[in-house]
Amino acid sequence: ICMIPSEMPLVSAKYIIARLWFIGVFFYLGFLIFKSDSRYFKIFIWSFIAGLFIVSFYTIIKQIGLGIFNQKAANGACAPFFIDHTSYGATIAFLIPMLVCLIFISRRFVTKFLVTLLTVFFLFALVFSYSRAAWLSVAVAGGIWFIWFIRIKFSVILFGILVVFGLLFAFQQDIGRWLRSNTTDSSGDLKKHLNSALNVSTDASNLERINRWNSAIRMFEERPMFGWGPGTYMFCYAPFQRSYERTIISTNFGTGGNAHSEYLGLLSEAGVLGALSYVLILLFTFYRGFYISRKINDRTNQILLIGALLGLVTYTIHGGMNDFLDMDKIATPFWGAIAFIVALDVNYRVKEKENLKELKS
């Protein structure tokens, strides 16, 4: 729908065709395969692990040659397989919850030991990807698993979220001053690099993100219903930049990434309806996924389901700071995981209906 009033219809048409290719293969075809036999999802995961292992091994070897603590060298070490270290880190982060789940469902000691080594290897690769958003996303996924494991009620979680937002609002001026006082820039020192994530005073990467976000918001304010058209942000955002927000890496030519946020990017390109549709996909997926995770009896499927959900959690968090769903490396596990969750949900509903019929008869 948003393609029709697009500022650049041909760009939007190309963008949508590329997205339909990802959704058609990884979601719809994946759904049909996983619905027929959920064991195919393990093959899907292992196939992705095999490919990513080769890329990660190659990247780490390059990083060792350039200096493993050389943060600037790490930014391009994953080329030509990934455009930069952030998409590389996001992909590894997505895979880690699934790897941990494979440890628990592996029955043979040799397989369990192999998957454990792979998990340690990918954690090492994640740390030295120097992607702060990827680090944060894995930490949040761990917190979500803990909440699921100890069965905290949703009402308690919602109350906690409201309290946190209330405190942030009440102390926003103090928090703003504290953030502005942070002048730690990105570096090879892991502690300093993590601390630089909160630097909104001098860190060019963070400041450019804010510039892109504000540009996306201004684009949305001008065309709130349908946006400027799918895939058009990088071609249309330049006039919406403000001189006082531009950084040393700012550009008018759409290089260096898009809006750096799935949510704000969608708001600018597809308006409120496009952004809302994406959020609803995530909400329904998480709602049904966590709901049936307590209902299905098959232990292997239950553990794989949690792995798929937590993998999606990593990108849901990461999507607030970057936008990579137009890349096959992220689109593959993202739509594949959703396809698996939907397949399990459909099969669960079918069994529920069969059980009800048996009870009535």
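Contact here means heavy atoms within 4.5 Å. With that in hand, let's look at Phe31, which touches Ala339, Val342, Ala343 and Val346, not counting residues up to four places away in sequence. This is a predicted model, where local features need pLDDT of at least 70, side-chain atom pairs count only at pLDDT 80 or more, and totals for chains, interfaces and linings use all residues. Residues are numbered from 1 along each chain as its sequence is written, and side-chain values use heavy atoms, leaving out hydrogens and water.

**Phe31**
- You'll find Phe31 in helix α1 (residues 9–36); helices are DSSP runs (H or I, at least four residues), numbered from the N terminus.
- Phe31 is buried, with a relative accessible area of 17%, because buried means under 20% (1.4 Å probe, protein chains only).
- Phe31 and Phe340 sit 309 residues apart in sequence, yet 6.1 Å apart in space, C-alpha to C-alpha.

**Helices α2 and α5**
- Helix α2 (residues 40–66) packs with helix α5 (residues 109–127) at an angle of about 50 degrees, and their axes are 11 Å apart.
- The axes are lines fitted to C-alpha atoms over the stretch in contact, with angles running from 0 to 180 degrees between N-to-C directions.

**The nonpolar core**
- The largest nonpolar core has 81 residues, and Phe122 and Phe334 have the most contacts inside it; such a core is a set of buried Ala, Val, Leu, Ile, Met, Phe, Trp, Tyr and Cys residues joined through side-chain atoms within 4.5 Å.
- Helix α4 (residues 85–105) gives the most to this core, with 13 residues.
- Leaving aside neighbours within four places in sequence, Phe122 is in contact with residues including Ile49, Leu52 and Ile92.

Conventions: Helix = DSSP H or I, 4+ residues; strand = E, 2+ residues; numbered from the N terminus. Buried < 20%, exposed > 50% of the residue type's maximum accessible area, 1.4 Å probe, protein only.
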